[in-house]
Amino acid sequence: MDSGKKYDEGMEYVRTAEKSLKTGFLKWKPDYDAAAEEYSKAAVCFKSVKSYSQGRDTYLKAANCYKQTGSLFSAAKCLEQVILISKEMNDTREIAKLAEEASELYQQHGSADTAALLLEKAGNMLLDSSTIDSLRLFQRAGEVALNQDNIKQAADFISKTARILVKLQHYDEAVMALRREIALLQQIDTVAPIGRLAVTIVLLHLARRDYVAAEKAFKEWGNYCEQPEVQTLEALLQAYDEEDAEGVKAALESPFIKHMDVEYARLARDLPIPKGFATIPPPASIRHNAAPSYVSPNQPNNDLVSSSGKDEKKNDTDDEFDGGLC
């Protein structure tokens, strides 16, 4: 069937749906069930011929009809299709709002896992175009997973929020997110990733120029780090403590830091490097080979007068004893 016939078929479904919603003398209530089915069929036709605008509108109408009948899962599915069509149209303005509404419908239906996955999918769609909305969706997905006691999935979502926060340079919030992720991993005895998370927290504190907090974080979670990580962090913290710029650069050249997640590798690359101690000039009083101080010719030289008097007295004494004791 060519696109024209498919489009006409979709329009026929729309007319049937509209007729189902009409009321009259013998029909007091709209037939939302029938209208929802017809709108859904029309939307499929429009989407197949890439008439995205009409496909999006008819899916929204179908979703509203499904909500009227209490078919929440079907309503959420229609909204999910609207999200996909919006992506095809490069129109991401309503994606976050639609994803949150659909996730609520899934949860009300009892499909919380589907809700969390939808929020993750929408969050990935918005990662480049609307980072703040993407962050909010991942945070919401983490909350949904926690409500279902799905600790592993919640930790994964929180990990994604931490990376976005670092990208946005919201370092305080990123530290809180990573601490929360560590706590969740400890609950399920998944301690292998904690060492790298500890490294990231140390880097975040250094980016915040809070060197005391960086040392505390290392002491708190350093026992989860592998030996190369421990050695690198010890060298890095010591270099910062001594304001050793070359030592900091050398520590940040560690292979495992360079191969961290992109956001964390960039964080390490952009850390503030200490400038080292300033050279203190010696006091003026002990400068060597300095020129003598300037003395005005009109100023009486007390030192010369005093010196002359002493010489005369010394000469008198010498004369007195020139002839000896006799």
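This is a predicted model: local features need pLDDT of at least 70, side-chain atom pairs count only at pLDDT 80 or more; totals for chains, interfaces and linings use all residues.

Trainee: Does Ser40 count as buried or exposed?

Mentor: Ser40 sits in helix 2, residues 32-48. Beyond four places in sequence, Ser40 touches Ala62, Tyr66 and Cys78. Buried means under 20% relative accessible area. Ser40 has 14% relative accessibility, so Ser40 counts as buried.

Trainee: How many Å apart are the end C-alpha atoms of helix 9?

Mentor: Helix 9 has 17 residues. At 1.5 Å a residue, helix 9 should span 24 Å. The model agrees, with the end C-alpha atoms 25 Å apart.

Trainee: Against which helices do the buried residues of helix 9 pack?

Mentor: The buried residues of helix 9 include Tyr171, Ala174, Val175, Leu178 and Leu185. Glu181 is also one of the buried residues. The buried residues of helix 9 pack against helix 7, helix 8, helix 10, helix 11 and helix 15.

Trainee: Is helix 9 roughly parallel or antiparallel to helix 10?

Mentor: Two packed helices are described by the angle and the distance between their axes. The axes of helix 9 (residues 171-187) and helix 10 (residues 194-207) come within 10 Å and cross at roughly 160°. Angles over 145 degrees count as roughly antiparallel. Therefore helix 9 and helix 10 are roughly antiparallel.

Trainee: Is the crossing of helix 9 and helix 10 left-handed or right-handed?

Mentor: The angle between the two axes is roughly 160°. The crossing of helix 9 and helix 10 is left-handed.

Trainee: How many residues of the contact of helix 9 with helix 10 are nonpolar?

Mentor: Helix 9 contributes residues including Leu178, Arg179, Glu181 and Ile182. Helix 10 contributes, among them, Leu197, Thr200, Ile201 and His205. Two residues of the contact are charged and three are polar. The nonpolar residues number eleven.

Trainee: Which residue takes a positive phi just after helix 9?

Mentor: Helix 9 covers residues 171-187. The phi in question is about 55°. The residue is Asp189.

Note on methods. Residues are numbered from 1 along each chain as its sequence is written. Side-chain values use heavy atoms; hydrogens and water are left out. Axes are lines fitted to C-alpha atoms, for helices over the stretch in contact, and angles run from 0 to 180 degrees between N-to-C directions. Helices (H or I, at least four residues) and strands (E, at least two) are DSSP runs, numbered from the N terminus. Angles under 35 degrees count as roughly parallel, over 145 as roughly antiparallel, 65 to 115 as roughly perpendicular and the rest as oblique. A crossing is left-handed if the near helix is turned anticlockwise from the far one by less than a right angle, and right-handed if clockwise. Contact means heavy atoms within 4.5 Å. Ala, Val, Leu, Ile, Met, Phe, Trp, Tyr, Cys and Pro count as nonpolar, Asp, Glu, Lys and Arg as charged, and the others, Gly among them, as polar. The expected span of a helix is 1.5 Å times one less than its number of residues. Buried means under 20% relative accessible area, exposed over 50%, partly exposed in between (1.4 Å probe, protein chains only).
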